[in-house]
Amino acid sequence: MQQVKAVVARAKGQPVELTTINVPDPGPGEALVQVQACGVCHTDLHYREGGINDDFPFLLGHEAAGVVEAVGPDVTGVAPGDFVILNWRAVCGECRACKRGDLQYCFNTHNATQKMTLEDGTELSPALGIGAFAEKTLVAAGQCTKVDPSARAAAVGLLGCGVMAGIGAAINTGAVTRGRSVAVIGCGGVGVAAIAGSALAGASPIIAVDIDAKKLEKAKAMGATHTVDSSSVDPVEEIKRICAETYDGADGADVVIEAVGRPETWKQAFYARDLAGTVVLVGVPTPDMKVPDLPLIDVFGRGGALKSSWYGDCLPTRDFPMLVDLYQQGRLDLDAFVTEEIGIGDIEAAFEKMHHGDVLRSVVIL
């Protein structure tokens with residue numbers, strides 16, 4: 001067992017605390033990872049605010065990259081010294097989804113068996129089974145995806161959650177390709193990643209929708225061909241207008257990605273898609289949210305598909321190395337998502353910047 005510095009959320013709505021935790025030596029199927037970088041994701045704030053569950057205290061952080069320090073018995077997929085991106089989809093290989101070949105929909109993803117604890121022995125709940133706002137963390141070996149060790153940890157670690165969620169929502173869930181039009185509602189980190197993924201796939205037009213001019217500028221830099229300030233115009237009508245100018249007869253975008261997670265923006269996405277178009281929900285709603293007054297005849301009459309995207313429908317062993325390779329080639333600008341690099345004691349300040357929309361990602365460097 002080792003003692004390391006880590007960031008813990010002890011109680012709902014309270015500021016996080018930098019403290020010392022106990023990290024066990026890896027057991028069967030587990031890996032000990034020395035964390036090099038970890039992004040500050042909105043999901044971490046959800047944990048701190050009690051929006052995920054009440055299993056406090058939480059060991060926050062999950063969007064990370066680092067080096068494997070040790071592995072437990074029977075681990076063959078990674079070895080000490082491997083540079084890895086951590087993921088929260090360690091597929092089991094045994095559930096119904098895995099057995100039919102849909103590993104990206106694994107129903108039984110797993111985490112480390114042993115618990116990390118506070119110094120007094122109180123068990124910690126690691127965010128998304130990772131807990132990477134820490135000098136070292138214990139994870140299931142399947143949560144480690146080996147990638148090119150020359151890649152910048154602060155950039156590629158973001159594939160561990162938000163950037164992968166956005167790119168995957170476009171490419172995997174939305175099946176965006178050349179000749180398709182795309183609108184993305186909500187241009188935070190995930191939405192901008194969906195725009196980058198759409199650009200990578202060759203879509204056009206790519207329409208970014210938000211109420212924040214700074215976010216729209218970032219979206220344009222990442223590949224949006226058009227921007228829509230939905231605080232001043234009707235985004236549905238504007239998306240329809242832009243698409244009709246590009247494709248004769250179009251009545252909306254082929255794929256509309258909702259990256260906010262609110263009923264009103266999901267309804268905008270629903271009505272902004274073309275007939276037989278696809279809506280992809282990647283924004284995370286709260287349990288109490290409902291979509292009111294949506295006539296069932298509209299669901300039937302518009303055809304197409306209404307999808308949700310969980311982690312961008314990714315398979316880390318397939319997607320992470322490919323995206324890191326594109327990054328190394330200069331075809332995917334992951335560096336652009338890193339607004340600032342911060343210390344492990346600066347996470348509360350990063351949460352505040354997130355509230356004000358000042359950053360795509362603050363990244364903790366360890």
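Asp-274 is buried but takes part in no salt bridge, and the nearest side chain of opposite charge, that of Arg-302, lies 5.9 Å away. A salt bridge requires a side-chain nitrogen of Lys or Arg within 4 Å of a carboxyl oxygen of Asp or Glu. The structure described here is a predicted model. Asp-274 belongs to strand 15, which covers residues 273–281. Apart from neighbours within four places in sequence, the contacts of Asp-274 are Ala-250, Asp-251, Gly-252, Ala-253, Asp-254 and Arg-302. Arg-302 is thus in contact with Asp-274, although the two form no salt bridge.

Asp-254, one of the contacts of Asp-274, is also in contact with Gly-179. Gly-179 is located in the loop that runs between helix 4 and strand 11 (182–185). With neighbours within four places in sequence set aside, Gly-179 is in contact with Gly-202, Tyr-247 and Asp-254. Gly-179 is classed as exposed because its relative accessibility is 52%, and the cut-off for exposed is over 50%. The C-alpha atoms of Gly-179 and Phe-337 are 26 Å apart in space, and these residues are separated by 158 residues in sequence.

Across the whole structure, 16 salt bridges were found. One of them joins the side chains of Arg-361 and Glu-63, with an N to O distance of 2.7 Å. This pair connects distant parts of the chain, 298 residues apart: Arg-361 is in the loop between helix 11 and strand 18 (362–365), and Glu-63 is in strand 5 (residues 63–71). Arg-361 is classed as buried because its relative accessibility is 8%, and Glu-63 is likewise buried, at a relative accessible area of 1%. The cut-off for buried is under 20%.

A second salt bridge links the side chains of Arg-100 and Asp-102 at 2.8 Å, N to O. Arg-100 has a relative accessibility of 43% and therefore counts as partly exposed. Asp-102 is also partly exposed, with a relative accessible area of 25%.

The side chains of Arg-241 and Glu-245 form a further salt bridge, at 2.7 Å from N to O. Both residues lie in helix 7 (residues 235–246), where they are 4 residues apart, about one turn of the helix. Arg-241 is partly exposed, with a relative accessible area of 38%, whereas Glu-245 is exposed, with a value of 58%.

Phe-351 is part of helix 11 (residues 347–355). Because its relative accessibility is 1%, Phe-351 counts as buried.

The structure contains 1 cavity of 30 Å³ or more. The volume of the largest cavity is about 30 Å³. Its lining is formed by Glu-63, Leu-158, Gly-162, Val-163, Gly-189, Val-190, Phe-337 and Arg-361. The elements contributing two or more residues to this lining are helix 4 (162–173) and helix 5 (189–201). By class, the lining residues of the largest cavity comprise 4 nonpolar, 2 polar and 2 charged. Glu-63 and Arg-361, both in the lining, are the partners in the 2.7 Å salt bridge described above.

The second largest pocket has a volume of about 160 Å³. It is lined by 13 residues, of which Arg-89, Ala-90, Val-91, Gly-142 and Thr-317 are the closest to its centre. Strand 10 (144–146) and helix 10 (316–328) each provide at least two residues of this lining. The lining of the second largest pocket consists of 7 nonpolar, 5 polar and 1 charged residues.

Conventions
Residues are numbered from 1 along each chain as its sequence is written. This is a predicted model: local features need pLDDT of at least 70, side-chain atom pairs count only at pLDDT 80 or more; totals for chains, interfaces and linings use all residues. Side-chain values use heavy atoms; hydrogens and water are left out. On a 1 Å grid over the protein atoms alone, a cavity is a set of points where a 1.4 Å probe fits but cannot get out, and a pocket is an open set with protein on both sides within 12 Å along at least five of seven lines; lining residues have an atom within 4 Å of a point. Grid points are joined across faces, edges and corners, and a volume is the space filled by probe spheres set on the points. Ala, Val, Leu, Ile, Met, Phe, Trp, Tyr, Cys and Pro count as nonpolar, Asp, Glu, Lys and Arg as charged, and the others, Gly among them, as polar. Buried means under 20% relative accessible area, exposed over 50%, partly exposed in between (1.4 Å probe, protein chains only). Contact means heavy atoms within 4.5 Å. Lys and Arg count as positive and Asp and Glu as negative; His and the chain ends are not counted.
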